[in-house]
Amino acid sequence: HEIEVYYITLLNDKIVGAGGINFNQQLKNGILSWGMIHPDYQRMSIGSALLNHRIEVLKNKQEIDTITVRTSQLVFKFYEKHGFEVTEIVKDYWAKDFDLYNMIYTEDQ
């Protein structure tokens with residue numbers, strides 16, 4: 001009963017990254033999920049392009065009011081740089097010393 005969309009990023013016909021969108025229609029929330037870029041291709045703006053694409057997809061859906069992401073202390077600064085704000089931190093959520101950072105997109109508000 002869930003709707004999910006996943007994208008891959010290609011560079012020279014090679015998959016170098018992927019990222020998804022989940023939809024919580026009851027809350028009118030678009031949830032970014034599983035955004036990852038192969039380490040050899042990080043710091044080349046590929047992750048930013050993938051994130052911006054997913055944000056634009058969600059912005060163009062009338063039924064979506066908010067965009068959120070669940071991430072960790074290792075990646076939350078990337079999302080902050082792109083207009084997300086931390087709304088909650090849960091210590092040891094994913095594993096010991098691996099915290100959950102709930103974030104919401106606020107750039108347009």
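## Contacts, rings and a pocket

The side chains of Thr 106 and Glu 85 are joined by a polar contact of 3.4 Å. The term stands for a pair of N or O atoms within 3.5 Å; within protein, one of them must be able to donate a hydrogen and the other to accept it, and residues adjacent in sequence count only if both atoms are side-chain atoms. Before going further, bear in mind that this is a predicted model: local features need pLDDT of at least 70, side-chain atom pairs count only at pLDDT 80 or more, and totals for chains, interfaces and linings use all residues. Numbering starts from 1 along each chain as its sequence is written, and side-chain values use heavy atoms, with hydrogens and water left out.

Back to Thr 106, which sits in the segment after E6. Helices (H or I, at least four residues) and strands (E, at least two) are DSSP runs numbered from the N terminus. Leaving out residues up to four places away in sequence, Thr 106 touches Gly 83 and Glu 85; touching, or contact, means heavy atoms within 4.5 Å.

Now for who is tucked in and who is out in the open. Buried means under 20% relative accessible area, exposed over 50%, and partly exposed in between (1.4 Å probe, protein chains only). Here is how some residues come out:

| Residue | Relative accessible area | Class |
|---|---|---|
| Asp 13 | 77% | exposed |
| Arg 43 | 87% | exposed |
| Phe 78 | 24% | partly exposed |
| Tyr 79 | 5% | buried |
| Glu 80 | 33% | partly exposed |
| His 82 | 13% | buried |
| Thr 106 | 19% | buried |

Asp 13 and Arg 43 have something else to show. Most residues other than glycine have a negative phi. Asp 13, though not a glycine, has a positive phi of about 65 degrees, and Arg 43, not a glycine either, has a positive phi of about 65 degrees too. You'll find Asp 13 in the loop between strand E1 (3–11) and strand E2 (14–24), while Arg 43 is in the loop between E3 and H1. From Asp 13 to Trp 34, 21 residues along the chain, the C-alpha atoms are 21 Å apart.

Glu 80 belongs to helix H2 (residues 76–81). Setting aside residues up to four places away in sequence, Glu 80 touches Val 86 and Met 103. Ignoring neighbours within four places in sequence, His 82 is in contact with Ser 48, Leu 51, Asn 52, Tyr 105 and Glu 107.

Next, the aromatic rings. Rings of Phe, Tyr and Trp (its six-membered ring) pair if their centres lie within 6.5 Å; planes under 30 degrees apart count as stacked, over 60 as edge-to-face and the rest as tilted. That rule gives five aromatic pairs. Phe 76 and Tyr 101 are a stacked pair, because their ring centres are 4.4 Å apart and their planes are at 25 degrees. This pair ties together distant parts of the chain, with Phe 76 in helix H2 and Tyr 101 in strand E6 (residues 98–105), 25 residues apart. Both Phe 76 and Tyr 101 are buried. Phe 78 and Tyr 79 have ring centres 5.2 Å apart and planes at 80 degrees, so they pair edge-to-face. Ring pairs also link Phe 78, Tyr 79, Phe 84 and Tyr 105 into a cluster.

Finally, the largest pocket has a volume of about 970 Å³. Of the 31 residues lining it, Gly 35, Met 36, Thr 71, Val 75 and Tyr 79 are the closest to its centre. Strand E3 (29–37), helix H1 (46–59), strand E4 (66–71) and H2 are the elements that give two or more residues to this lining, and the largest share, seven residues, comes from E3.

How is such a pocket found? On a 1 Å grid over the protein atoms alone, a cavity is a set of points where a 1.4 Å probe fits but cannot get out, whereas a pocket is an open set with protein on both sides within 12 Å along at least five of seven lines; lining residues have an atom within 4 Å of a point. Grid points are joined across faces, edges and corners, and the volume is the space filled by probe spheres set on the points.
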